[in-house]
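Colleague: I am new to this structure. Please pick a single part, look at it closely, and then show me what surrounds it.

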Protein chains: 2
Amino acid sequence: MYQFKLLRKDPSSGARLGRICTTHGEVNTPVFMPVATQGTVKSLIPETVQNLGAEMILANTYHLYLRPGYEIVKKLGGLHKFMNWGAPILTDSGGFQVYSLGALRKISDDGVIFKSHIDGSKHFISPELAIEIQEALGSDIMMCLDECTAYPASFREAEKSLALTLNWARRSKAIKKNNEQALFGIIQGGIYPDLRLRAVEDISKNIGFDGYAIGGLSVGEPKEEMLSIASLTTPLLPDDRPRYLMGVGTPEDIVTCVDYGIDMFDCVIPTRCARHGLLFTNHEKVVIKHAQHRDDDSPLDGTCDCYTCRNYSRAYLRHLYMAKEILAMVLNTIHNVRYFMHLMERIRAAIRDGKYREFKNSFLTDPNTAISQQTSFE
Amino acid sequence: MYQFKLLRKDPSSGARLGRICTTHGEVNTPVFMPVATQGTVKSLIPETVQNLGAEMILANTYHLYLRPGYEIVKKLGGLHKFMNWGAPILTDSGGFQVYSLGALRKISDDGVIFKSHIDGSKHFISPELAIEIQEALGSDIMMCLDECTAYPASFREAEKSLALTLNWARRSKAIKKNNEQALFGIIQGGIYPDLRLRAVEDISKNIGFDGYAIGGLSVGEPKEEMLSIASLTTPLLPDDRPRYLMGVGTPEDIVTCVDYGIDMFDCVIPTRCARHGLLFTNHEKVVIKHAQHRDDDSPLDGTCDCYTCRNYSRAYLRHLYMAKEILAMVLNTIHNVRYFMHLMERIRAAIRDGKYREFKNSFLTDPNTAISQQTSFE
């Protein structure tokens with residue numbers, strides 16, 4: 001049975017320590033969920049993902065709906081069994097992926113008609129079907145189908161879009177059959193505080209869900225807008241439910257938004273950057289293809305406890321990357337995921353110690369962090 | 001120190017049980033060496049390769065010479081340390097890769113001038129440099145630079161080519177400095193028994209090496225020619241040295257050639273086929289993309305003890321393959337390498353039991369094997 005325990009509120013900030021309990025195990029919050037888009041955290045076996053410290057992963061309903069199909073996953077015993085992952089899984093609703101299709105989708109009150117990015121075939125997803133799919137997948141936390149408000153959008157556009165999301169949220173809750181699986185509502189409203197406030201009122205007070213996500217951010221708006229909306233919206237959400245900032249983000253964004261009271265994050269940054277040879281360390285961001293690593297015998301990060309840092313030199317990692325070896329992606333992903341998991345461990349420890357604000361300030365003003373924020377990876 | 005122990009000769013066939021001892025550990029023969037072309041068995045961490053039962057791997061001098069460069073590998077402590085593989089390594093001489101470059105190479109008495117397949121840069125490798133490179137890499141077994149005789153080639157062409165290989169073999173042995181590393185000679189001679197005989201005489205009696213390889217096969221000649229030359233040449237080689245059939249092969253070829261007295265094999269078949277979704281099992285060869293596996297809950301091979309077969313359905317493996325997921329290559333490679341390692345275990349057990357001929361006949365006449373031989377993978 002799903003349950004959220006708020007264990008501690010940091011006296012120095014808005015940060016919270018909590019625990020999500022599911023039938024597949026417990027998740028300590030603040031949590032970062034590595035993304036398993038198509039039913040695999042790209043390049044890693046699930047045992048490795050778990051050993052790196054991941055307690056919950058995110059899988060994409062849109063992708064699994066198209067391939068292999070949710071009936072197949074259901075027939076094979078659900079997503080946990082299918083992908084050999086015994087711990088909790090959160091599935092998104094597919095709303096964001098469909099939004100990303102741009103011209104390939106058409107939204108009505110009923111739902112979304114869209115064309116598959118794989119073969120152009122036409123599909124229709126309604127709020128009801130999104131729940132049916134996620135119930136078939138058997139995830140521990142499901143998300144309501146929402147409309148991700150575009151950026152930029154006028155107040156009127158954002159208001160209209162929000163009305164749809166609120167309507168869909170009602171329908172999602174009404175259709176949900178299963179008490180084993182939690183259902184989260186999503187707060188939309190674009191960059192308009194009034195709309196965000198209206199969304200919180202309706203989603204959390206009038207309807208009520210097992211947890212609340214802030215959606216529609218990181219879709220092109222300036223970083224300050226994102227942080228401003230997140231900081232404004234988070235404290236309005238009920239204390240006794242987890243708060244999930246969808247699709248965020250960089251280490252700096254995570255550290256910042258934990259202070260607002262966010263409990264859950266997901267992002268493709270660690271895994272996607274790893275595949276492109278962009279590596280996070282406690283001292284710098286490393287672009288592994290750079291010639292300076294050519295004969296560098298040192299590990300990526302001498303302070304990191306991951307398998308990659310314990311066993312391989314930067315020179316070897318550069319060689320694998322330049323030679324386009326699959327193992328480059330495996331070893332880089334191991335490191336980046338571990339970096340994010342270790343960051344979450346540090347965040348939770350700081351909250352436990354009641355010193356989160358201090359941790360945050362130190363992390364964000366660290367000259368290495370500051371340098372890394374200015375350095376583009378490309 | 002390198003040593004070969006011939007432990008047992010099968011009374012029913014030409015098969016032999018042996019052990020190669022190196023400073024990096026022991027290798028039970030007959031052995032199959034997975035190929036680590038660029039210093040990695042593609043997609044796998046070395047611990048996985050070892051857990052699958054691999055006792056020795058093969059790395060390609062040509063590839064490592066071009067990238068990252070042998071001086072860099074040497075500076076970083078040699079290939080074992082560079083790639084985190086503690087067990088024995090055999091390096092080829094680069095001769096076969098250079099041969100494969102076709103129009104991009106020019107051979108003289110001195111050595112080979114060739115253009116890099118990566119950037120077109122011009123390079124020269126002599127027999128002496130091939131040894132210097134392999135000494136820098138620090139492999140346990142080095143190979144002499146040879147000229148792979150083309151197929152087809154006239155007797156005169158093959159004779160001329162062989163003369164070069166014999167000359168280079170002398171120069172290779174003369175330049176070798178290091179007693180920690182073994183050096184193998186290569187028997188060329190095309191499809192001409194007289195030339196193969198002459199090569200054996202010169203390479204094994206007049207010069208003498210730590211082991212002997214049969215080269216120049218599997219280069220386009222009909223399978224019967226390959227088997228005929230291998231069966232004719234192998235018994236001529238000295239009993240007290242390992243015999244290595246380079247670049248072979250399929251499970252059927254391996255089972256056949258062990259009967260001739262071959263002790264060592266290498267081939268990209270298990271790893272390359274895996275990446276293309278072509279999987280060996282004890283019952284059939286599986287093309288994982290086929291629609292029949294779409295919702296098949298059964299493992300690839302219910303009798304296989306590998307990680308992939310213990311944890312994943314054919315449906316999941318098909319999904320990963322169709323979705324072009326990196327994990328498809330990882331899981332498929334684990335299975336195929338394990339299939340080959342298990343085959344070698346069965347081969348060694350049959351020799352130990354003195355029943356190799358029986359094993360071979362049963363393996364080759366098994367209706368499943370027979371079916372698989374007729375079935376093209378494509």
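Modeller: Start with H7 of chain A, whose buried residues are Ala158(A), Ser161(A), Leu162(A), Thr165(A), Leu166(A), Trp168(A), Ala169(A) and Ser172(A). A buried residue has 20 or more other C-beta atoms within 10 Å of its own; exposed means 12 or fewer, partly exposed lies in between, and C-beta atoms are placed from the backbone. The model is predicted: local features need pLDDT of at least 70, side-chain atom pairs count only at pLDDT 80 or more, and totals for chains, interfaces and linings use all residues. Residues are numbered from 1 along each chain as its sequence is written, while chains are lettered from A and ligands numbered from 1 in the order in which they are written.

Helices (H or I, at least four residues) and strands (E, at least two) are DSSP runs, numbered from the N terminus.

What do the buried residues of H7(A) pack against? They meet helix H6 (127-137), strand S11 (182-187) and helix H8 (193-207) of chain A. Contact here means C-beta atoms, placed from the backbone, within 7 Å.

Now step back. Chain A has domain 1 (3-267) and domain 2 (274-359), with bounds from an automatic or database domain assignment. Their centres, taken over C-alpha atoms, are 27 Å apart. Domain 1 of chain A brings 25 residues to the contact, and domain 2 of chain A brings 22. On the domain 1 side, strand S4 (31-33), helix H1 (46-51) and helix H10 (251-260) of chain A each supply at least two residues. H10(A) gives the largest share, five residues.

Next, a sheet. It is open, with three strands in the order S1-S2-S3 of chain A and antiparallel pairing. Strands pair if DSSP finds at least two bridges between them. S1 (3-9) and S3 (25-29) of chain A are at the edges, each with a single partner strand, so one side of each lacks a neighbour in the sheet. Six bridges join S1(A) to S2(A), residues 16-22.

Key: Contact = placed C-beta atoms within 7 Å.
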